[in-house]
Amino acid sequence: MRVKTARGFIFAKALLRLTMATMTELEEIRHLIREFRDARDWMQFHNPKNLACSISIEANELLEHFQWKTPEESLAVTGEKKAQIAHEIADVAVYLIELADNLGIDLVQAIRDKLAHNAAKYPVSRSKGSAAKYTEL
């Protein structure tokens, strides 16, 4: 990571620390998911197809919280509703992290690769402020 200014260097160091902390936290979460699953002998049910189905099911449960809401209403979630949404987001994340783990996919690297891929497909100069698909830019 090459940065020319002192301020940029400090930012780069902070970003590196954050990345390292996040990776450690992800590894901890992955370990907790494995422990939870294995204590219940559920690995036998957690094949890639079932996990992918579970991600879709949980994502749809998340979607239910926003069905028929205006964009403004969807941003104004508080209290118990926000807690319910957080639970659904966590359900999606748990299944996604386990699916990546079971398939030997480095989720952090996959996300970095996908962001780089999307940056090439959606250059700022052509996509800023536009909701158009990359084929229509």
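Select Phe36 first: this residue is partly exposed, at 44% relative accessible area (buried means under 20%, exposed over 50%, and partly exposed in between, with a 1.4 Å probe and protein chains only). The model is predicted, so local features are reported at pLDDT of at least 70 and side-chain atom pairs at pLDDT 80 or more, while totals for chains, interfaces and linings use all residues. Residues are numbered from 1 along each chain as its sequence is written, and side-chain values use heavy atoms, with hydrogens and water left out.

**Around Phe36**

The structure holds two aromatic pairs (rings of Phe, Tyr and Trp, the last by its six-membered ring, pair if their centres lie within 6.5 Å; planes under 30 degrees apart count as stacked, over 60 as edge-to-face and the rest as tilted). Phe36 and Trp42 form an edge-to-face pair because their planes stand at 75°, with the ring centres 5.7 Å apart. Trp42 is partly exposed, at 34% relative accessibility.

Now show Arg40. Arg40 lies over the face of Phe36, 3.6 Å from the ring centre, and also over the face of Trp42, at 6.0 Å from the ring centre. For this, CZ of Arg or NZ of Lys must be within 6 Å of the ring centre and within 35 degrees of the ring normal.

Helices are DSSP runs of H or I with at least four residues, strands are runs of E with at least two, and both are numbered from the N terminus. The phi of Asp41 is positive, near 55°, in a residue other than glycine. Most residues other than glycine have a negative phi.

**The largest pocket**

Two or more lining residues come from each of α1 (6–39) and α4 (79–102), and α4 gives the most, with four. By class, five lining residues are nonpolar, one is polar and three are charged.

**The second aromatic pair**

Move to Tyr122 and Tyr134. Their rings are edge-to-face, 5.9 Å centre to centre, with 80° between the planes. Tyr122 is in the loop between α5 (107–121) and α6 (124–127), and Tyr134 is in the segment after α6, 12 residues apart. Tyr122 is partly exposed at 28% relative accessibility, and Tyr134 is also partly exposed, at 33%.

**Trp68**

Select Trp68, in the loop between α2 and α3 (71–75). Trp68 has a positive phi of about 70° although it is not a glycine. With 78% relative accessibility, Trp68 counts as exposed.

**The whole chain**

The protein chain has six helices and zero strands. Of its 137 residues, 17% count as buried. Among contacts with a separation of 6 or more, 57% are between residues 24 or more positions apart (contact means heavy atoms within 4.5 Å).

Note on methods
Nonpolar A, V, L, I, M, F, W, Y, C, P; charged D, E, K, R; others polar.
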